[in-house]
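Look at the sequence and the model below.

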Amino acid sequence: MKPETQKLMDMRQQHIPQGPFNVTPAFVREAKGAVMIDIEGRELIDFAGGIGVNNVGHCHPKVVAAIKDQADKFIHTCFHIAMYESYVKLAEKLNSLAPGEFEKMTMFANSGAEAVENAIKVARYATGRPGIICFENGFHGRTLLTMSLTSKVKPYKLGFGPFAPEVYRMPYAYCYRCPFGLKYPSCQTACADYLEEFFIGHVAAENTAAVIAEPIQGEGGFVTPPPEYFPKLQAICRKYGIALIIDEVQTGMGRTGKLFAIEHWGVAPDITTLAKSLGGGLPLSAVTGRADMMNKPHVGGLGGTYAGNPLACRAALAVLDILVEDDLLKKAEILGNTVFNRLKSLQEKYEIIGDVRGKGPMLAMELVKDRETRQPATDEAKKLCSLCYDKGLVLLSCGNFGNVIRTLMPLVITDDQLDKGFAIMEESFAALDRSS
């Protein structure tokens, strides 16, 4: 570690608590597209994307221009005090783009966790019921309610209880590690049908306000349900008047090759939450849902001082322009096919890769010590990320066992950058293989 980096690291250790974790020791000086430059001038190819925030890339010119233009006019009024056009236009645009041939309304907040909390507030108010059903391996945030919804204990929940009441957790469609010991497709998606049984032993349907799920679980390991899963869940929810909330915080804004990941399942949620890449790097989240539900809470019941900040709203309008009008979604689809083929090639070569899954460029490899036993290769995943970083590639692990390697590179990544990133990954797998 060079003196400049060491100095900042020493300051970080002295002035910032250990709780906020750092994946790499890098301090970034600048970033453009899919590349970060640290303060030592070292180039880092970014396969992490700010944990799914930089779908349109670091400092996209349209996003930067929108922020600068807005900053010259005004930075904050609080939407509750004096309204502004960008908030209204962004809501209108999301209402038109979100799945579902029904009238929608949108409100804004600052983070994914806030969006999830507000979605649940709306669902509880609209249904008059308290119960919320979430899923094993799910991640929804770090606030009290969203931490309660989040599945993984360490590091997210350990020592932070007691948790919010009326939260119930059921197994998810994790086909590689089926919680029911079945195999797809002969299982006939029993994990979705299990919701009916869940009402008997855990929480009554009549007491359930919402079922909340990520279409592809993010922190949980990019777990990707089969095609029948969400249509079945939605049918059961509708049968009992339960709201289906789809958490698109990490999966949305083109991450899977579609604007909303749930489009892959042909389902229109009652409420959708967005954040991360929506703001192009600025803190912004959204709750978009059925107008008849969204409009239920009384005046003053929803909101926040910084919610829908004008800088963030202008940035988000630019992001949607880039994704939809500049046809970045098509590039994402092509990128997804390329990345999938590269990951499958690695799987053919290295026994440690037990499963490759995901949609579009939101893909992952689950590392295992043995393909038969599927014992998680947690230490090896950590080592792989370290080897890649040493060679100039930022890579993230995830999953309950920390043994899943995920790809969240900006959708604007160039072919040369992608090739270089995969060359580093290949070298690192080879080194890992030699050391085993």
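Which residue in strand 13 does Ile-45 stand opposite? Ile-45 faces Leu-393 there.

This is a predicted model, where local features need pLDDT of at least 70 and side-chain atom pairs pLDDT 80 or more, while totals for chains, interfaces and linings use all residues. Residues are numbered from 1 along each chain as its sequence is written, and side-chain values use heavy atoms, without hydrogens and water.

Four strands form an open sheet, in the order 1-2-3-13, with mixed pairing. Strands (E, at least two residues) and helices (H or I, at least four) are DSSP runs, numbered from the N terminus. Two strands pair if DSSP finds at least two bridges between them. Strand 3 and strand 13 pair in the parallel sense over two bridges.

| Edge strand | Residues |
|---|---|
| Strand 1 | 28-32 |
| Strand 13 | 393-394 |

Each edge strand pairs on one side only. Helix 13 packs on the sheet and touches strand 2, strand 3 and strand 13. Contact means heavy atoms within 4.5 Å.

**The helix pair.** Helix 12 (residues 378-390) packs against helix 13 (residues 415-435) at about 130°, with axes 9 Å apart. Axes are lines fitted to C-alpha atoms, for helices over the stretch in contact, and angles run from 0 to 180 degrees between N-to-C directions. That angle makes helix 12 oblique to helix 13: under 35 degrees is roughly parallel, over 145 roughly antiparallel, 65 to 115 roughly perpendicular, and the rest oblique. Residues of helix 12 in the contact include Leu-384 and Leu-387; among those of helix 13 are Phe-429 and Leu-432.
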